[in-house]
Each structure stands twice: as structure tokens, then as C-alpha cells.
Amino acid sequence: MKFKSINFTCQSCGAPLRFNPIANTLQCEFCSSKESIETSLETIQEYDLKNALNSLENSNTQEINKEVTCNKCAATFTMNPYSFSANCPYCDTPAIIDFVQEITPKSLLPFHISHKEAQEKFNKWLGSLWFAPSQLKKFVDGDEKLKGYYLPHWTYDADTTTYYQGQRGDIYYINVERETIVEGRRVRRTVKEPRIQWTPVSGYVNNSFDDVTIGASKTISRTILENLTPWHTEVLVPFNKKYIAGFDSQEYTVGLDNGFELAKIKMNRVIEQHIRRAIGGDQQQITNIETEYKNTSYKNVLFPIWTAKFRWKNRTYNYAINGQTGKIVGERPYSWLKIAILIGTLSSVVGGAMYIDQHPNFLKNSYHQLKR
Ligand SMILES: [Zn+2]
Ligand SMILES: [Zn+2]
């Protein structure tokens, strides 16, 4: 499919404008002129989920071969099938084209963290990776690898009523006679031992969910997207192409229906905690849960994310930075030499090798997070 791109042009010198996260304006990189983005008075709307699911013609997302003609240099290039904005590979001018999916983003969180800040955060994060191989730090330097994306997310609201059945466990103590040896002699003693009494329980809990966010892109792994949360959706602004000028912006590849199924999993975790509190007692067993979802609504939004990949010993590692809050999440390789030294040091002092044996997550957990 053929597309013609648009871009924004500097009033002073005619060069292309890009969104500047620090100034929150468009800016000319040639003469530095700024052009403010008009504040929209439009309120951010929620859309009825049931209506949307019934009227969607195609729940699958369409992968379209995009032949884009650059508005600036007239060259034609192929854009990523899910992108609707990218920079022209010939003249680097932002190229923004029309949407192809049925549901378009109506709001977004503008980038707040600049490319320079993102690079600094990454370097700091790398420096804090105590286990990372020393040469890695040199190897991944170079900011051309770091790229800014506006990635699609669904947000879901729902009021839920959940019927549950289960058991409440109350601990009580009984007196038991036990034989023990005291100073070489057999002695009978009465000791208290705990028992649990289980009582069948059932009931209802009500919950209300606002903006449960689900990543709708496969450009970054779901694990990384989840770890980039929270997103402060209370400061969403109405969609405006000026915010995406210069960034790679994408449409959803996870459908509205599949996104809601993922949102239900997140909601269920909260509902289950609520049920446990409602059951009370010392222990709880939940044997049956039936949830009704009411007043369901959704939004299709774009969230700003800086991301890059690096290769180390034939493996690719990803990291990403929340472009709103600066939170960084990434995978990292481990230096086994450094770990071996650590184990040696700990075991000579406090038997730390035991600690590592018993806590394999200490080594296996490859997600390292650093909040701003
Ligand atoms: Zn200019
Ligand atoms: Zn061009």
C-alpha cells in the first residue's frame, strides 16, 4: 500500500521540526526555533468495550506493506508494517502517515525524558550492574542504538462482582503429651501444638478498576513492558501528530479482545487478594471464582519508551526506559568470574554460598530495575 507522509516545517528556516521532550514543543534542529503545541481542551474519553468488540470487523491486526513517499525529499522507502511515523532513511525528516487499524489512538503521554537523559540513565544503570562483565560497559556505549518509540497500549476500566467459594482456616492449639530427654532422664511433658480448623465459606466481593494497562505491541517483550509500569495516565493529552514527530510510533498488534483477556488476569490478582481478606482467618483456600465484568470501557493510548538492544557473546539483551518517568528496565549478562569471587568472599565470612544455593533467584533474576 502506498502512503504519502507529512511533516512539520520551521517557520524561520524551512527545516523539519521534531518534538522536544524537555521544552514540550516542536523544535527545529537546524536553527533551534521552537513552535509550541496548542493545548487541547478536549477531554480524554473512555469508550464502551462491549460495543467496540461487537462492531469490530476484524479482531486480528492487519500487517500491511507500507511504501512511503517522503514529503521532504520525495524518496520512497518501506516503513515497518505497524509504524505510522518514522524518520526518512534518506533525509532523516520525520515521516508521519495515516493509520491502518480500525481503532486509532485518541490520546498519548508525550516524551518527558530526552534522548540525552535516556543515554545518561542507561550509562548509570550499566555502571550499577555489579555482575555485568567489565568489557560490556565499553561495548554498549554509543547512543545511536537508543531509539524512541510511542508504543500502543490498551487501558481498561471495569466494575467487577465476584462470587467465591472456599475454606477459611483457623489455627487453634491442643495440649499433647510428649516424652523428652532432660539431663539423661525421660520426662513426660504437656506441650501446645497447632491445628487448623477448616470451615467452608462463600460470598461476593466487588471491585472497581481504573486504567488497567496492557501493552499492545510486540516490539518490546511483555515482561519489559510490564516492568516499565506505572504509567501516569491522569496526564494523558489528546492525540496530536506534533508529539510524535521524530519518533517511531506504532499501531496495536495485540487486539482489543486479547488485551482484555490479559487485563482480566491482572484484575484477578487483585480480586483474589480481596477474597482472601474477605475470608479472613489464618489461612484461606479458594476453590471457585466467578467474575462478572460490568461498565467495561477502554482507551487506545500511546506511551513513550526509549529502547535499545545490545549483543554480548551471541545473545541479544534488551533494555528500555519509561519516557514519562525515567524508570529503566533491562536484561543483563552476568560475569561468572565476578560471581565466583563473590561466592568465595561470602562463604569465607558467613557461609554465603549456602545463601546463594538456597536463593537461586538471586542469580537467575535477570531483570534489574532502577527508579529515578
Ligand atoms: Zn529552523
Ligand atoms: Zn526524505
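This is a predicted model: local features need pLDDT of at least 70, side-chain atom pairs count only at pLDDT 80 or more; totals for chains, interfaces and linings use all residues.
1. Let's begin with helix α2, residues 115-128. Its 14 residues should span 20 Å at 1.5 Å a residue, and the end C-alpha atoms are 20 Å apart, which agrees. Looking down the axis of α2, the buried residues fall within an arc of 100 degrees, so they line one face of the helix. Those buried residues are A118, K121 and F122. On the face turned away from the buried side you will find the exposed residues K116, K124 and G127.

2. Helix α6 covers residues 256-279, which makes 24 residues. From first C-alpha to last, α6 reaches 34 Å, close to the expected 34 Å. Its buried residues are L256, G259, F260, A263, M267, I271, I275 and I279. Do have a look just after α6, where G280 takes a positive phi of about 70 degrees.

3. Now for the sheet. Three strands make an open sheet in the order β2-β3-β4, with antiparallel pairing. The edges are β2 (17-20) and β4 (34-36); each has a single partner strand, so one side of each is left without a neighbour in the sheet. On average, neighbouring strands of this sheet are turned by 35 degrees against each other, direction ignored.

4. T25 has S36 in β4 as its bridge partner.

Methods: Residues are numbered from 1 along each chain as its sequence is written. Chains are lettered from A and ligands numbered from 1 in the order in which they are written. Helices (H or I, at least four residues) and strands (E, at least two) are DSSP runs, numbered from the N terminus. The expected span of a helix is 1.5 Å times one less than its number of residues. A residue is buried if 20 or more other C-beta atoms lie within 10 Å of its own, exposed if 12 or fewer, and partly exposed in between; C-beta atoms are placed from the backbone. The arc is that of the directions from the helix axis to the C-beta atoms. Two strands pair if DSSP finds at least two bridges between them. Axes are lines fitted to C-alpha atoms, for helices over the stretch in contact, and angles run from 0 to 180 degrees between N-to-C directions.
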